[in-house]
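Please read the following explanation with the sequence and the model side by side. It goes through the structure one region at a time.

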2 protein chains.
Amino acid sequence: MDMARTRSSDPYGSGAAAASAGTEGTTTADGRGRSRRGPRTASMADVARLAGVSSQTVSRVSNGYAGVNEETRRAVLAAMKELGYRPNSAARALKRGEFRTIGVITFTLATTGNVRTLEAIATSAAQEGYAVTLLPVAVPTQDEVRGAFSRLEELAVDAVIVIMEVHLLDAATITLPPHVQVVVVDSDAGDRYTVVDTDQAGGTRAAVQHLLDLGHDTVWHLAGPEDSFAAQRRTDAWRAVLTEAGRVPPPLIQGDWSTESGYRAGRELARRQDCTAVFVANDQMALGLQHALHEHGRRVPEDVSVVGFDDIPEAAHFSPPLTTVHQDFAKVGRLCVRAALRKVRGEGAERGTTLVPTRLVVRASTAPPRGAGAR
Amino acid sequence: MDMARTRSSDPYGSGAAAASAGTEGTTTADGRGRSRRGPRTASMADVARLAGVSSQTVSRVSNGYAGVNEETRRAVLAAMKELGYRPNSAARALKRGEFRTIGVITFTLATTGNVRTLEAIATSAAQEGYAVTLLPVAVPTQDEVRGAFSRLEELAVDAVIVIMEVHLLDAATITLPPHVQVVVVDSDAGDRYTVVDTDQAGGTRAAVQHLLDLGHDTVWHLAGPEDSFAAQRRTDAWRAVLTEAGRVPPPLIQGDWSTESGYRAGRELARRQDCTAVFVANDQMALGLQHALHEHGRRVPEDVSVVGFDDIPEAAHFSPPLTTVHQDFAKVGRLCVRAALRKVRGEGAERGTTLVPTRLVVRASTAPPRGAGAR
DNA sequence: CAGTGTTATGTTTACGTAAACATCCTCTGA
DNA sequence: TCAGAGGATGTTTACGTAAACATAACACTG
């Protein structure tokens with residue numbers, strides 16, 4: 001569509017490499033080249049020779065350009081098949097100046113949100129013909145982040161999606177070469193980057209309001225780590241809703257997204273008889289919290305109501321099933337890829353934040369406080 | 001070490017690109033090349049010109065070869081910094097014939113095991129200077145798998161790690177070019193591929209034996225999907241242990257790894273009063289199972305003992321905390337990368353299976369059956 | 001002080017692809 | 001019958017890097 005090309009269905013689709021299938025996995029160095037293993041992979045020149053055409057014609061067939069005689073095309077395809085030809089992506093990338101690859105920098109795959117987003121990104125990217133290269137950052141220090149970016153720059157990548165708190169990014173960004181596009185998830189830096197994020201505030205409002213509507217006097221909050229913008233946004237919104245409703249926000253409790261930290265927080269909260277409702281910043285912590293509450297004889301939801309955030313598939317099977325804020329990770333991933341590719345294609349590198357809406361899923365972990373009937 | 005090189009600390013480490021930092025994100029096409037965005041990125045030739053040396057000397061500095069005069073080296077480094085030079089990975093890959101990238105084909109990131117393994121792979125690979133390219137397969141059909149491999153072949157990848165059931169791989173493999181190395185997780189095809197896997201049988205034996213030792217007459221089994229080798233292996237081992245102990249294996253219950261399927265299975269099992277112990281093929285299903293049992297008034301572990309598999313971080317906070325088989329995903333990932341790289345480097349492409357041991361973690365979801373004290 | 005290394009650097013070339021340009025046909029229409 | 005228009009194909013070249021092969025300068029040795 002975009003040129004004079006036909007973009008026919010992938011010519012290397014299936015059944016290639018049959019010719020050399022029986023070749024043993026030779027580990028010796030071959031004639032030319034530097035100690036590469038196995039029989040050298042066929043190049044366009046090889047195909048061209050076999051088909052009796054020029055390598056340019058092979059290129060044309062390979063890229064699906066119109067204007068190749070049907071007979072010639074068939075001959076070339078046959079030669080490709082016989083030799084098990086595959087385009088060399090390095091040469092292609094070098095020539096075209098693009099890699100058809102999106103890099104994803106993420107800090108951890110331990111949180112469901114990151115994983116689900118990553119999966120959606122990979123799927124969307126694949127649909128667009130892009131591959132996804134993963135760049136894990138072991139420790140969330142600026143040095144590490146900078147190192148990741150440094151590696152990424154030498155990496156074959158057209159755009160970068162960062163699933164991470166940006167303030168770690170701030171100092172590191174300066175080393176980014178100007179042609180690499182960045183999209184960020186979980187950030188408030190919409191003025192500097194393109195940001196795609198879940199509507200943290202909206203989700204939080206729904207969650208907290210739900211608890212207030214049930215009749216709870218106030219709502220406690222188990223927050224995510226301080227350095228997460230998502231966590232911070234949820235905390236801010238929680239405080240705002242309570243203040244607007246004329247309630248006094250109880251002291252903030254700090255977690256780190258992990259189930260374990262939820263458990264620790266739960267042990268604290270179980271002691272407080274005045275705590276009847278908790279908004280937890282993610283489902284994993286909510287699980288730990290429920291565990292602790294249960295262990296200390298505080299029943300959910302009779303004694304304490306709990307609302308989570310994420311709606312991981314497991315949440316429906318917690319004890320009790322968790323009321324939580326559903327995030328559309330798939331959509332976040334899709335939008336990230338779309339934004340990244342729009343940037344790559346130069347179709348308006350608009351900055352700003354795109355918010356993906358959330359939805360409150362009410363299950364069995366929330367109920368009116370005891371004595372609410374008396375009101 | 002491996003050559004006459006010094007492999008000095010990365011010359012592009014930090015603070016590069018400062019010169020062109022202020023450049024607006026120009027979206028126009030530049031002079032040469034095809035409509036690339038932004039100021040063309042500096043090449044070796046540019047650096048060489050600025051530093052007053054040949055590009056080969058730049059190459060030597062870039063790759064940390066010894067035998068470059070200290071003064072020259074400094075001049076080159078300064079020029080690199082000023083121009084914000086980054087090696088072009090496509091050209092590098094083309095020249096060297098390798099991409100420094102490992103491809104990972106996986107079917108889903110919904111199961112903790114896959115994710116944890118992937119994360120470990122990415123981390124190990126990064127340490128070895130390799131990037132990881134993710135190739136999600138949407139639907140587990142042979143066509144899809146073949147498509148993934150087809151894409152992968154054109155992708156910049158030196159080796160492939162497959163986290164998937166191999167029988168899907170069987171028919172698809174034929175299209176793999178001979179120089180791409182494959183390592184498989186979760187397979188019994190050790191004769192054809194290099195396989196790294198958790199010691200499914202050992203873990204299962206420990207789990208089932210633990211339940212028998214507690215005094216249960218027999219142990220039920222909630223299995224993973226039929227097409228998973230890991231699931232199949234666990235099922236086989238479960239049956240073997242029971243048979244060896246002279247017990248009759250109860251009918252098999254089929255799940256699909258998901259919490260939801262565990263819940264459905266749990267509803268079935270809750271009805272059977274003769275079921276006092278269940279070995280569940282993964283923790284996520286165990287969560288659903290516990291939920292269903294609880295919902296139907298069957299207490300864990302008083303009425304029914306449950307053992308899971310995986311030891312996900314959440315398992316310690318289930319209600320009750322889950323007794324489960326701990327898998328060392330990190331080690332699996334590391335071994336995969338090591339095997340893949342050994343193949344890439346041609347250091348013995350040994351086939352065969354490497355097993356990573358497991359460990360039974362006893363928590364609160366298992367107990368003797370009621371009336372066991374009467375024995 | 002010619003001979004022989006050694007060290008530092010430059011020149012040529014090839015990796016595989018695809019854009020740009022150049023041919024060479026075969027029609028069409030006046 | 002031939003100019004001209006297209007269609008089909010070939011030739012040249014460049015992408016950025018790095019191996020292989022020069023070369024030049026210098027320090028020793030006997």
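**A buried glutamine, then sheets and helices**

B:Gln290 lies in helix H11 of chain B, which spans residues 283–295. The model is a predicted one. Is B:Gln290 buried or exposed? Its relative accessibility is 3%, and because the cut-off for buried is under 20%, B:Gln290 counts as buried. Apart from neighbours within four places in sequence, B:Gln290 is in contact with B:Val300, B:Val306, B:Phe318, B:Ser319, B:Pro320, B:Leu322 and B:Ser365.

One of these contacts, B:Val306, falls in the range of strand E9 of chain B, residues 305–310. Strand E9 of chain B pairs in the parallel sense with strand E10 of chain B (residues 323–326), over four bridges. Within this pairing, B:Gly308 has B:Thr324 of E10(B) as its bridge partner. Helix H8 of chain B (residues 200–213) packs on the sheet and touches strand E8 (277–280), E9, E10 and E12 of chain B. The direction of this helix makes about 165° with that of E9(B).

The sheet of chain B is open and has six strands, in the order E7-E6-E8-E9-E10-E12, with mixed pairing. Its edges are strand E7 (253–254) and strand E12 (359–361) of chain B, each of which pairs on one side only.

Elsewhere in chain B, two helices can be considered as a pair. The axes of helix H2 of chain B (residues 55–62) and helix H3 of chain B (residues 70–83) come within 10 Å and cross at roughly 90°. Since angles of 65 to 115 degrees count as roughly perpendicular, H2(B) is roughly perpendicular to H3(B). On the H2(B) side the contact is made by B:Thr57, B:Val58, B:Val61 and B:Ser62, and on the H3(B) side by B:Thr72, B:Arg73, B:Val76, B:Leu77 and B:Met80.

Now turn to chain A. Its secondary structure comes to 12 helices and 12 strands, and 53% of its 375 residues count as buried. Of the contacts in chain A between residues at least 6 apart in sequence, 70% join residues at least 24 apart. The accessible surface of chain A is about 15,800 Å², with 51% belonging to carbon and sulfur atoms.

Chain A has an open sheet of six strands in the order E7-E6-E8-E9-E10-E12, with mixed pairing. Its edge strands are E7 (253–254) and E12 (359–361) of chain A, each pairing on one side only.

Strand E8 of chain A (residues 277–280) pairs in the parallel sense with strand E9 of chain A (residues 305–310) over three bridges. Here A:Ala277 stands opposite A:Ser305, and A:Phe279 stands opposite A:Val307. E8(A) also pairs in the parallel sense with strand E6 of chain A (residues 220–223), again over three bridges, and there A:Leu222 stands opposite A:Val280. In a regular strand the side chains alternate between the two faces of the sheet. In E8(A), A:Ala277 and A:Phe279 point one way and A:Val278 and A:Val280 the other way, and all are buried.

Helix H8 of chain A (residues 200–213) has 14 residues and reaches 20 Å from its first C-alpha to its last, close to the 20 Å expected. Its buried residues include A:Gly203, A:Thr204, A:Ala207, A:Val208 and A:Leu211. An α-helix has 3.6 residues a turn, so residues three or four places apart point the same way. The buried residues of H8(A) pack against E5, H9, E8, E9, E10 and E12 of chain A. Just after H8(A), A:Gly215 takes a positive phi of about 110°.

Conventions:
Residues numbered from 1 in each chain as written. Chains lettered and ligands numbered in written order. Predicted model: local features only at pLDDT ≥ 70, side-chain atom pairs only at ≥ 80, totals over all residues. Heavy atoms only, no water. Pairing = 2+ DSSP bridges. Buried < 20%, exposed > 50% of the residue type's maximum accessible area, 1.4 Å probe, protein only. Contact = heavy atoms within 4.5 Å. Areas by Shrake-Rupley, 256 points an atom, 1.4 Å probe, with all protein chains shown as cover. Expected span 1.5 Å × (residues − 1). Axes fitted to C-alpha atoms, helices over the stretch in contact; angles between N-to-C directions. Parallel < 35°, antiparallel > 145°, perpendicular 65-115°, else oblique.
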